[in-house]
Each structure stands twice: as structure tokens, then as C-alpha cells.
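Here are a few exercises to work through with the model open beside you. Try each task before reading its solution.

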Amino acid sequence: MPPAGPVLRLSAPQARRFLVGAQGLARPHPGVASALDHHGFVQLDPINVCGRMHDLILRNRVAGYREGDLLRHLHGRGQGGGPPMPPGRRAAFEHYFPRGGVLAAFPLAAWPYLTAAMEERSRRARGYSGRLSAAEERVARRILAELAERGPLTSDDIAHDGRALTAWGSPARLAKTVLEKLFFHGRVLIATRRAFRRVYDLPERVLPIRVLAAPRPPAAETARWLALLRLRQRRLVRLGRAELPLVSDAVQELRVDGGPTCHLLCEDLPLLEAARTAPEPDGPVRLLAPLDPLIYDRRLTAALFGFAYTWEVYTPPSRRVRGYYALPVLLGDRLVGHVDPRADREAGRLLVASRRVERGVSVAPAVRELADFLGLR
């Protein structure tokens, strides 16, 4: 790829229009596979207040997306208790992002770039995902033997009365914490899910052997992949000094009037040029996921959209501004408020705990659309 050209300048509205288009919000992807390819990964989260995070992210980006489609893409249609998808048919898998404890869905091509982080965790002396103690290793050998003999298992399928602490500091069964460590280390993988509960199996029974046997890239190549992955996920990124040399041949520098200096992928330049001349979009009104890639960088969101947003799930109730699971409201290329919906599955209704939007903006159609997506009134 040729080196990037001179620094480009864009107004904030032009930058917003570019982001909405590059994020797949203006023209949806035809399927989950193409969305995953475009964005590099999709963050997974178990909290289900009005739909899970990954479903809320993809429903605005994939044509005809239904609740649970990402898990069906990952593991097949046997999640109610049927057999997991055979390794040869898998196109994606679940694992943790190399930095931090973010669980995500990745395409198969990502596997070699994650293995160094798995090995590093297995050697780390401290932390919940760190190396196994001698006692944990004994339990791990028993678990691996049971998986080899019995096939895919949840932690409850393994009899063990030892106790341990979870990553959150709460008490749990030792078998559960050891299984999670083995997953962090890549010694077991998630074969399927049952009511979102993890069902583990040996790696060779989850992923194709050609994927597991792929050579590990050099450290510098993995660092470049991680920087490019962040660009693919967010499409407009403030690169750090250490990251820029790794990807200088693949990015274009951009300065937003009154905002920060950013970088975008050179492959996105046609979208950028289209955003320069495109008229201001007038809709539709959409409810975004709390951790939607469009708003993940809070500083950039504030600079481009004038919208200060924080996901408040872990904020004490007395300090919440918008609500426990408030969804930002996108109108065209503007963020115009929030809606805090709650799914009452027993009553079959979607309730709205709070809302705050700009005058003249109706969120009722977007709320009805979310209710329909969840199969609620």
C-alpha cells in the first residue's frame, strides 16, 4: 500500500458522517460474517437488560439480524442442548482480547495473534487469569481428562467441592475458576453456550487443526495487527506514539476542526471523500449499544458529537446521570439523547425507565423497533 498523503482536514459534521458510514450504520452488512470481517471483533457481554451488548451492536449493522445470531454464527444452532458445531464448519470463535479482560467474537484469522497473550497469562504470577497453582493444576488435569472422555462440559458437569474466588472477588466452585483459567490460557475453548452459559471442550474439538497449528507471528507483527484491529473496530482512532510507526504505511492522518488529530485506514479514504460532500442525514432514529464502537472512545465522542457518555452499569446508583443501561440515541449523524429501557420478559413488555432527548425528536419508533427485535410489546 502506498504511503499516506498530507494531513487531511475535516469539519466535525463531516467526520461524524464518515464515522456513521464507516461503522456500517448507513448501509448494513449482508450477514454476521461480513460484519465481523469489517470490524475485526464484536465485544460479548452477558448482561441482558434490554438485549445483550453484542446483539445491540449488530442489530444496527446487519440486515435482518435476529437476537442470538452472533452466537449461532459462532457455535451453530445447537445452543439449546444440541451438539456443538464441528470444527471444520466454524468461521469464528470466542476469546479474550489480548489486553484486559474483554471477551469478544473473532474470525478464525485472529487466532495466531492471540496465542502469545494466552501463553503470557499462563506464566503470569499474579491476577485471576494468571498461572495455575499446584493445587489448581491437579484439578486442571482431572478436568482435561474428563473433557477428553466425556466431551463438552460446563463447570457444573464436573464434580468438585473445592472453593475459590472469581475475578470479581465473589466465592465460586474451584472447578469453575480452573476452567476459566484454562480458557484464558487457551487449553480449553468455548464449544457452545446453553442459556449463555459456557460449555467448554478441548481446542482440537472446537477449532480446525489448521487454525490451531498456524505459526505464531513475530511480536512486531502482532503489535501491528492489534493497532490495525483498533482502527478496523473504531475507524477513526487517536494513535499513540508507539503505535503509529507500526501502521504508518496503512493509515492517513486527519485533523478535525476544533477537535483531535486522528488516523483512519487508507482503505477508508473513499468513504471519507464521500462524507465531505454528503448532505446532512435526517434519520432514522436509532438506539445504540452502550459500548457501541461508534462511541467507545469517550473523548472522541465528546469532541465530535458534543456528547458526554458513560456506561453506568458499574456506577453507584446515586451517581448515575442517565441510568443503569441507558442507550444513546443516534439521529442521522448526531447523538441527541438517551433512552433507558428494561425488558420485562415475564410480562412480555419493554419498559422505559427514563429518557432524555432533544426537543422535537421522537424515540417511540426506535423503542418499538427494539421491542420487536426482542419479541416484546
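**Exercise 1. Find the side-chain partner of Asp201 in a polar contact, and describe the surroundings of Asp201.**

Solution. Start with the side chains: those of Asp201 and Arg205 are joined by a polar contact of 3.0 Å. Such a contact is a pair of N or O atoms within 3.5 Å; within protein, one must be able to donate a hydrogen and the other to accept it, and residues adjacent in sequence count only if both atoms are side-chain atoms. Keep in mind that this is a predicted model, where local features need pLDDT of at least 70, side-chain atom pairs count only at pLDDT 80 or more, and totals for chains, interfaces and linings use all residues. Residues are numbered from 1 along each chain as its sequence is written, and side-chain values use heavy atoms, with hydrogens and water left out.

Strands (E, at least two residues) and helices (H or I, at least four) are DSSP runs, numbered from the N terminus.

Then check accessibility. Asp201 is buried because its relative accessibility is 4%; buried means under 20% relative accessible area, exposed over 50%, and partly exposed in between (1.4 Å probe, protein chains only).

Finally, list contacts, meaning heavy atoms within 4.5 Å. Setting aside residues up to four places away in sequence, Asp201 touches Leu147, Gly151, Pro152, Val188, Leu189, Ala191 and Val206.

**Exercise 2. Ala195 and Arg235 both have a positive phi without being glycine. Decide for each: buried or exposed?**

Solution. Take Ala195 to begin with: its phi is about 50°, and it sits in the loop between strand E7 (189-194) and E8. Its relative accessibility is 76%, so Ala195 is exposed.

Now turn to Arg235, with phi near 70°. Arg235 is in the loop between helix H9 (219-234) and helix H10 (244-247). A relative accessible area of 1% makes Arg235 buried.

**Exercise 3. Work out the strand order of the open three-stranded sheet, and say which helices pack on it.**

Solution. The order is E1-E9-E10, and the pairing is mixed; two strands pair if DSSP finds at least two bridges between them. E1 (8-10) and E10 (261-265) are the edge strands: each has a single partner, so one side of each lacks a neighbour in the sheet. From one strand to the next, the twist averages 40°.

Look at one pair in detail. E1 runs parallel to E9 (residues 251-256), with three bridges, and Leu8 stands opposite Leu254 in E9.

Axes here are lines fitted to C-alpha atoms, for helices over the stretch in contact, and angles run from 0 to 180 degrees between N-to-C directions.

**Exercise 4. Which residues does Arg276 contact, leaving aside neighbours within four places in sequence?**

Solution. Locate Arg276 in helix H11, residues 269-277. Its contacts are Leu8, Arg9, Leu10, Gln14 and Arg17. For accessibility, the relative area is 28%, so Arg276 is partly exposed.

**Exercise 5. How many residues of helix H7 are buried?**

Solution. H7 covers residues 174-184, and ten of its eleven residues are buried. Among them are Leu174, Val178, Glu180, Lys181 and Phe184. Step just past H7 and Gly186 shows a positive phi of about 80°.
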